[in-house]
Number of protein chains: 2
Amino acid sequence: MQMNKTNSIIILKFDDKEFHWSQNESLLSRLEDEGVVKLVFPLHDEIKRKQLLRNWALNWHDFTLQPIDEIYSYFGTKIAIYFSFLGMYTRWLFFPAVFGLATQLIDFGPLQWLVLPAFFIFVISWAVFFLQFWKRKNSAILARWGINYSFSECKTLGNELESLSRTDDNVQEKKFGHAPDNKRILQRNEWFGVLLKIRNNAIIVLAIICLQLPFELAYAHLYEFTETEALRYLLTAAYLVAIQYYTRIGGKVSVILIKYENNQGEQSSADSLVYKVFGLYFVQSYIGLFYHASRYRDILTLRKVLIQRLIVSQVLENLIENSIPYLKYSYKKYRAVHKKKHEKESPAGKSVRLSTRVEKEYLKPSYTASIGEELDDGLFDDFLELTLQFGMIMMFACAFPLIFCFATVNNVTEIRADALKLLVMLKRPAPRVAATIGAWLNIFQFLVVMAICTNCLLLICLYDAEGKWRIEPGLAAILIMEHALLLIKFGFSHFVPEEPAWVKANRVRYVAQAQNVCSKQLLRSISKRDTKWA
Amino acid sequence: MQMNKTNSIIILKFDDKEFHWSQNESLLSRLEDEGVVKLVFPLHDEIKRKQLLRNWALNWHDFTLQPIDEIYSYFGTKIAIYFSFLGMYTRWLFFPAVFGLATQLIDFGPLQWLVLPAFFIFVISWAVFFLQFWKRKNSAILARWGINYSFSECKTLGNELESLSRTDDNVQEKKFGHAPDNKRILQRNEWFGVLLKIRNNAIIVLAIICLQLPFELAYAHLYEFTETEALRYLLTAAYLVAIQYYTRIGGKVSVILIKYENNQGEQSSADSLVYKVFGLYFVQSYIGLFYHASRYRDILTLRKVLIQRLIVSQVLENLIENSIPYLKYSYKKYRAVHKKKHEKESPAGKSVRLSTRVEKEYLKPSYTASIGEELDDGLFDDFLELTLQFGMIMMFACAFPLIFCFATVNNVTEIRADALKLLVMLKRPAPRVAATIGAWLNIFQFLVVMAICTNCLLLICLYDAEGKWRIEPGLAAILIMEHALLLIKFGFSHFVPEEPAWVKANRVRYVAQAQNVCSKQLLRSISKRDTKWA
């Protein structure tokens with residue numbers, strides 16, 4: 001970064017404007033403040049971009065083959081990990097898709113009643129295997145790229161150290177803290193943070209129950225009274241557009257809530273946001289399905305709704321996802337050309353075009369999340385879409401085994417569509433460091449557990465056509481209690497970390513000191529050697 | 001360690017024997033081979049031992065207060081962590097003990113039917129909180145003792161590096177391996193290891209089903225036909241003694257099986273043994289209770305059996321645990337005195353006593369596990385006892401809330417008994433490094449999940465006195481399938497590690513290199529400074 005290293009203030013001129021570049025100020029931030037530099041963003045590299053287009057986005061030979069290493073070197077870790085995950089997920093999806101197709105096409109004769117439970121067990125085992133092998137693949141990829149865990153740990157440690165020193169400063173302002181005092185304050189801060197988190201999550205849950213549920217149930221009720229199929233598709237489409245904005249507001253509220261949590265480090269607050277927003281979308285996406293499933297106890301209706309949802313939502317999602325950026329870009333381009341025309345009207349009447357590639361790319365929309373541009377990059381939306389799809393196909397696997405085929409086809413096109421979006425329609429995103437897919441993996445694992453429970457319910461509904469298996473209220477209460485307790489058992493450790501904050505603070509400080517000593521020694525010995533050789 | 005650093009072979013003489021101490025040989029191991037040195041063991045420090053006896057083993061003022069720091073400095077990390085865990089467990093046990101006592105003493109009137117479910121929810125939440133807060137306490141203790149995670153990680157890394165280099169050697173013997181070749185062989189080794197582990201576990205499970213189950217069920221059946229109470233107690237006692245040896249054989253078999261697994265590092269094979277032996281004891285301890293619970297669906301019988309088991313097993317355990325070492329010691333002492341008398345008969349007829357403290361301590365039994373002296377230290381038995389008790393009180397909490405009181409009383413005496421055993425009756429054990437309680441914590445967590453399921457079953461039995469809640473076979477099958485799948489979901493990651501072996505090998509190698517470079521730099525800079533100052 002260019003700094004003013006001289007001892008005087010430099011006066012700069014640009015377009016009749018004049019401003020002062022004071023001492024030890026960054027030139028770039030000064031120019032940004034003055035509006036001379038509008039935005040700093042990485043440019044596309046035309047040769048590599050075309051190569052990627054050919055090898056990846058427009059490569060129709062092998063559906064799931066992706067040049068991950070090239071994507072990594074062009075877009076950075078986080079995006080490459082996303083595409084690697086998407087590719088592996090799509091490849092693995094072929095197995096249940098084939099099984100699902102087989103259940104529909106082949107008649108198993110007297111063993112027909114065994115097919116659905118077998119499919120259920122197969123799908124759950126498949127998901128468990130897939131997630132475990134993804135973790136293995138993830139670490140193999142990181143090893144291939146030479147990204148060491150210790151490096152990323154160092155980075156998060158650094159972040160934590162920073163946030164700790166910030167809290168330390170706060171502490172120092174209040175008191176001239178001694179060591180045990182410091183420990184007590186850190187402990188208090190930690191529990192205060194846990195309480196804040198619980199409060200925020202309670203707000204989200206209450207909002208979901210009081211605001212979102214009535215809306216969803218109203219839609220489900222309205223849907224019943226609509227007769228013609230076409231009207232139903234229309235209603236669903238209108239609902240989906242409405243809900244898009246509805247949940248987006250929820251997302252924005254979550255972003256605001258996150259700021260009032262004292263999360264340690266950027267990663268932790270990003271994860272907290274992921275959980276909150278996923279909660280909103282989870283209810284939005286599945287409550288209608290649960291309503292239909294529980295009200296009618298009829299598999300055929302559920303299947304119809306599933307198909308409608310999947311097709312409409314996927315088509316709509318892809319349309320919105322791909323058309324809105326393009327429309328925005330076209331509009332901006334049109335306005336820019338228009339403006340230029342006006343400006344240049346006086347000198348000559350010749351045709352006006354955007355001359356430089358930079359200008360064109362500046363007008364392209366950037367790759368950001370729909371819920372809050374400041375917090376996370378565009379992968380948020382893509383991961384959300386993926387988890388919602390995974391949840392839908394897993395949780396209702398027994399109701400409609402063919403759904404895996406739809407998901408496979410959709411994902412194959414999704415890979416290409418996302419690639420095109422990144423390469424053609426958007427600004428090149430700044431590379432981000434991420435060693436794993438983070439909180440999303442936890443959500444995938446949570447969805448597998450949910451899938452076990454919902455599929456059991458579906459099987460009970462399916463096989464109990466005569467209503468013989470009446471579950472008495474008492475029995476149902478005990479079963480619900482059991483599942484709630486299992487949820488508490490596996491969810492509790494999420495709230496209370498295993499390592500108290502003060503222990504972590506000590507450890508981080510210790511590691512930082514050790515690193516410091518180490519690097520100083522290294523520098524000293526290198527400089528000594530240099531003087532010797534000079 | 002004393003080594004022969006001279007260039008010649010030294011000839012040593014002892015009791016008319018003469019032997020050669022060759023070059024670069026350890027004196028100690030040579031003397032051990034020759035039988036001059038019989039055993040190397042740490043001696044008790046009388047002052048500190050008396051202090052600990054006063055402050056800890058014979059301190060009857062505060063039941064759960066233990067001088068953990070003193071225990072740590074006297075016995076080392078592993079034993080101190082055990083007593084710290086035992087102390088916290090006992091302290092926390094007071095809460096459910098008080099609640100359990102309240103459920104028996106207070107009549108809640110019309111809300112009586114709510115008491116057991118409330119107790120169930122309380123106990124499960126208690127266990128979840130206890131285990132999470134134990135993890136926090138564990139890391140706080142380690143921080144207080146200045147044991148850094150990174151240190152223990154370094155140590156395990158070192159162990160792994162060693163075992164990896166060993167496999168590398170094997171690889172090198174077979175082929176002059178190149179890097180990708182090496183990777184493939186590591187991968188093959190890893191999967192071979194997984195298969196071996198599965199085979200061994202299958203052997204254990206089959207042995208339990210084919211050998212242990214019939215025996216246990218035969219006992220349960222016999223127990224039915226015994227009429228008088230006294231005979232039943234006798235039968236239980238006889239059975240418990242028999243089963244002690246029966247399961248001990250199982251443990252020895254497990255120790256042998258472990259040797260045929262290629263576990264990475266000592267910790268991993270110790271964990272594997274813990275799981276296997278616990279499986280044996282789990283079936284042994286609870287199958288009879290399950291048999292009674294499922295056959296009679298009668299809470300009163302179950303309660304009786306529970307009391308018998310708890311009292312008889314705890315009394316027997318403590319008797320055996322404490323009397324056998326004492327008897328062994330007395331017998332050895334008697335023989336030693338006898339021998340000395342014979343030897344010294346010629347010079348004088350005066351009273352013969354063991355003169356030195358070292359001789360006395362040599363005769364004391366050492367603190368080893370009952371299943372295999374070579375593998376683990378004596379804490380194995382103590383932890384096993386603790387987990388079995390935890391399993392019994394948690395899994396049958398609803399059948400008999402008072403059981404928590406018995407457990408509390410038992411644990412308060414257990415702390416003193418174990419302390420006395422370590423301080424008075426046994427050789428001072430060599431300190432062992434262990435940062436956590438390891439695999440036992442996983443077993444505690446597994447028992448909490450089991451407790452959720454078994455207590456639900458108990459509640460169903462309790463509240464369904466009229467047999468209205470008939471669970472149809474189909475429904476039962478689906479519920480069993482659900483629980484089996486949940487078990488698979490949470491158990492699968494145990495078998496397939498998240499990080500492939502070759503990635504781990506690379507990482508370990510990288511860390512070792514970095515440490516090497518670092519320490520060399522440090523040494524060089526220190527030596528330079530020294531020469532400068534000299």
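**View 1. Residues 79-102 of chain A are 100% helix and 0% strand, with end C-alpha atoms 35 Å apart.** The model shown here and in the other views is predicted. The UniProt annotation "transmembrane region", from an unreviewed entry, covers residues 79-102 of chain A, and also 114-134, 202-222, 273-293, 393-413, 433-463 and 475-496. Residues 202-222 of chain A are likewise 100% helix and 0% strand. The end C-alpha atoms of residues 202-222 are separated by 29 Å.

**View 2. Helix 5 of chain A runs over residues 112-144.** This helix has 33 residues, so at 1.5 Å a residue it should span 48 Å; the end C-alpha atoms are 46 Å apart, in agreement with that value. Buried residues of helix 5 include A:F119, A:F120, A:V123, A:I124, A:A127 and A:V128. Further along helix 5, A:W134, A:N138, A:S139, A:I141, A:L142 and A:A143 are also buried. After helix 5 comes A:G146, which has a positive phi, near 70°.

**View 3. Chains A and B are in contact through 51 residues from chain A and 51 residues from chain B.** On the side of chain A that touches chain B, the elements giving two or more residues are helix 5, helix 6 (149-174), helix 14 (439-463), helix 15 (473-495) and helix 16 (501-533). By residue class, this side of chain A has 30 nonpolar, 10 polar and 11 charged residues. Of the interface residues of chain A, 100% are also interface residues in chain B, so the two copies meet through the same surface.

**View 4. A:I243 is a residue of helix 8 (residues 229-259) of chain A.** A:I243 has 20 other C-beta atoms within 10 Å and is therefore buried, since the cut-off is 20 or more. The C-alpha atom of A:I243 is separated by 46 Å from that of A:K183, and the two residues are 60 residues apart along the chain.

**View 5. Chain A contains 16 helices and 2 strands.** Of its 534 residues, 25% count as buried. Among the contacts in chain A with a separation of 6 or more, 73% are between residues 24 or more positions apart.

Key: Residues numbered from 1 in each chain as written. Chains lettered and ligands numbered in written order. Predicted model: local features only at pLDDT ≥ 70, side-chain atom pairs only at ≥ 80, totals over all residues. UniProt positions renumbered as here; feature names shortened; annotations may be inferred. Helix = DSSP H or I, 4+ residues; strand = E, 2+ residues; numbered from the N terminus. Expected span 1.5 Å × (residues − 1). Buried ≥ 20, exposed ≤ 12 C-beta atoms within 10 Å, placed from the backbone. Contact = placed C-beta atoms within 7 Å. Nonpolar A, V, L, I, M, F, W, Y, C, P; charged D, E, K, R; others polar.
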